[in-house]
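This report describes one protein model, part by part. Please look over the sequence and the structure before reading on.

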Amino acid sequence: MSAPTLLSSFADTLPGMSAPWSPTSFPDATLLILNVSLAEELGMDAAWLRSEDGLRFLMGEQLPESAHPVSQGYAGHQFGQFNPRLGDGRAVLLGEVETAEGLRDIHLKGSGRTPFSRGSADGRATVGPMLREYLVSEAMHAMGIPSTRALAVILTGESLRRQGIEPGAILVRVASSHLRVGSFQLARMLHERNPGQLEDLADFAIARHYADELDDGDYVGLLRRVSIRQAQLIAQWMHVGFVHGVMNTDNTSISGETIDYGPCAFVDAFDSNAWFSSIDQQGRYAFGRQGPIMMWNLERLAESLLPLIEAQLGVDTEGAIAAATEELKRFPGYFHQAMESTWLPALGLAEATDARRQLLEEFLDWLNAAHPDHLTVLRNLAEADSQEEPQGTLLPEEWMQRWRAENPDAELMKRVNPVRIPRNHLVEEALSQAAGRNMEPFEELLSAVTDPFDPTNSECQAHAEKFTQPAPEGFGDYTTYCGT
């Protein structure tokens, strides 16, 4: 088989937003793990990808003539501080493949220095963080949460000095695109000397992600659609207890996908103030702040779009600010609606009524006050039809009576509430073993979390308690690291 066709729509359409670049060659590289089902979805032959030619294709060393690999440029606010020059400091976009669902980026992470590398950074990555992103992104996809996906992890054959000596690795990542709020921030910076760049980028984003929803040139609509998708995404994160950990504007996608799984984690106890990232000193990106932070990031997108909104509406800057502000004011409503549409089914309540909305509001208040493992609570509630008192919920009896009176659908609850997520202690155990070349715990956990809803999964039944329970008491406080 020959290499799959790779298109270069981003590189060709937006040459000012990237730099042509080829990944570093790693002669001693070996394939550690391949996502066979994703390869098939992309129209790729998994057996060929496992060959030497396939490996060199995945690493960007042997590409078809149609490919024009680039490193993408973007700016961004990192923990609230603007950095005008970020970009892919250790990543390369090989190109796009055409699928039934549209174009998909094939992107390398950890493939060496690029023109956007900063300081003495080597552009490499270590195996632990790359396996973490593979595991968590595939779990998110299995739970129905929009996400980039992992096609492969490749060992480079190098040893890198980080916290200790760790094996080097590359992640082959797939996304509907890698456009970010930070991409628009960079284009806005370039607007004075290259006024067409911002418009080209916005038109590209509309064509790539919102062609069925927006007309060409509808930049107010673009802000609205990104806001709606991001509101839906954050509500889904909250439902499964996901804490992104580094919600900088350069990690906020225009497509509404979860992107970049550096210091991410899952809460074992529902707590709005929970955060785990070692680099988030003030809890800026804590679990319960993810909605407000997303609105802050969208404000930065709106600022970047102002020249286009002026032209679209035929108004001055003040008029464009007023129009963008009106759109941004809608975000809390979008988020509230997304929380309802995500959490009411989690309680077995498919249709929204005032009584059910009140039940949900009280339930979320109780979660924040009691700090339980909310997925365990929801699993126990799904069994409530066969129990006098659901085991381990400790919900007020008066609330339980009103909830039962709504005839909750237990089967709906079982379909939408995952019973197996990448629990932090299990992730750390799997990554620790993988660093020692024992992939069995990782593969076992991957199998569990990519079949998250069915508690009778035969492969996981023998370890049901292991995969469904929060961390044991001895696990202690948890801290995550970028670890690149």
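## Terms and basis

Helices (H or I, at least four residues) and strands (E, at least two) are DSSP runs, numbered from the N terminus. The model is predicted, so local features need pLDDT of at least 70 and side-chain atom pairs count only at pLDDT 80 or more, while totals for chains, interfaces and linings use all residues. Residues are numbered from 1 along each chain as its sequence is written, and side-chain values use heavy atoms, with hydrogens and water left out.

## Strands β6 and β7

Strand β6 spans residues 91–99, and β7 spans 102–109. The two strands run antiparallel and are joined by eight bridges (strands pair if DSSP finds at least two bridges between them). A hairpin of two residues connects β6 to β7. Within this pairing, V92 stands opposite L108 in β7.

Eight of the nine residues of β6 are buried, so this strand is largely enclosed by the rest of the structure. Here buried means under 20% relative accessible area, exposed means over 50%, and partly exposed is in between, using a 1.4 Å probe and protein chains only.

## Annotated positions

The unreviewed UniProt entry places the feature "binding site" at G87, G89, R90, K109, D122, G123, R173, R180 and D260. These positions are spread over 174 residues of sequence and are also spread in space, with up to 23.4 Å between C-alpha atoms. The UniProt record also gives the feature "binding site" (unreviewed entry) at N251 and D260. UniProt positions follow the numbering used here, feature names are shortened, and annotations may be inferred rather than shown by experiment.

G89 sits in the loop between β5 (81–83) and β6, and it is buried at 17% relative accessibility. G123 belongs to the loop between β7 and β8 (125–126) and is buried at 5%. Contact means heavy atoms within 4.5 Å. Setting aside neighbours within four places in sequence, G89 is in contact with G112, R113, T114, F116, S117 and G123.

Is F116 buried or exposed? At 13% relative accessibility, F116 counts as buried. Although F116 and G87 are 29 residues apart along the chain, their C-alpha atoms are separated by 5.4 Å. Not counting residues up to four places away in sequence, F116 touches A19, S71, Q72, G73, R85, L86, G87, D88 and G89.

## N251 and D260

N251 lies in the loop between β11 (242–243) and β12 (265–266), and D260 is found in the loop between β11 and β12 as well. N251 is buried, with a relative accessible area of 11%. D260 is buried too, at 13%.

Apart from neighbours within four places in sequence, N251 is in contact with R180, H244, V246, I259 and D260. A polar atom of the N251 side chain lies 2.9 Å from the backbone oxygen of V246. D260 touches K109, E133, R173, R180, H244 and N251, not counting residues up to four places away. The side chains of D260 and K109 make a polar contact at 3.5 Å. A polar contact is a pair of N or O atoms within 3.5 Å; within protein, one must be able to donate a hydrogen and the other to accept it, and residues adjacent in sequence count only if both atoms are side-chain atoms.

In α14 (residues 397–405), the buried residues are W399, M400 and W403. They cover an arc of only 100 degrees around the axis, which puts them on the same side of α14. The arc is that of the directions from the helix axis to the C-beta atoms. An α-helix has 3.6 residues a turn, so residues three or four places apart point the same way. The cover over the buried residues of α14 includes α12 (354–370), α13 (374–382) and α15 (410–416). Just after α14, N407 has a positive phi of about 55 degrees.

Helix α17 (residues 440–449) has P441, F442, L445, L446, A448 and V449 as its buried residues. Seen down the axis of α17, they fall within an arc of 160 degrees, so they line one face of the helix.

## The segment after α19

T480 is in the segment after α19 (464–468) and is buried, with a relative accessible area of 1%. Leaving aside neighbours within four places in sequence, T480 is in contact with R132, P263, C264, A265, F276, S277 and S278.
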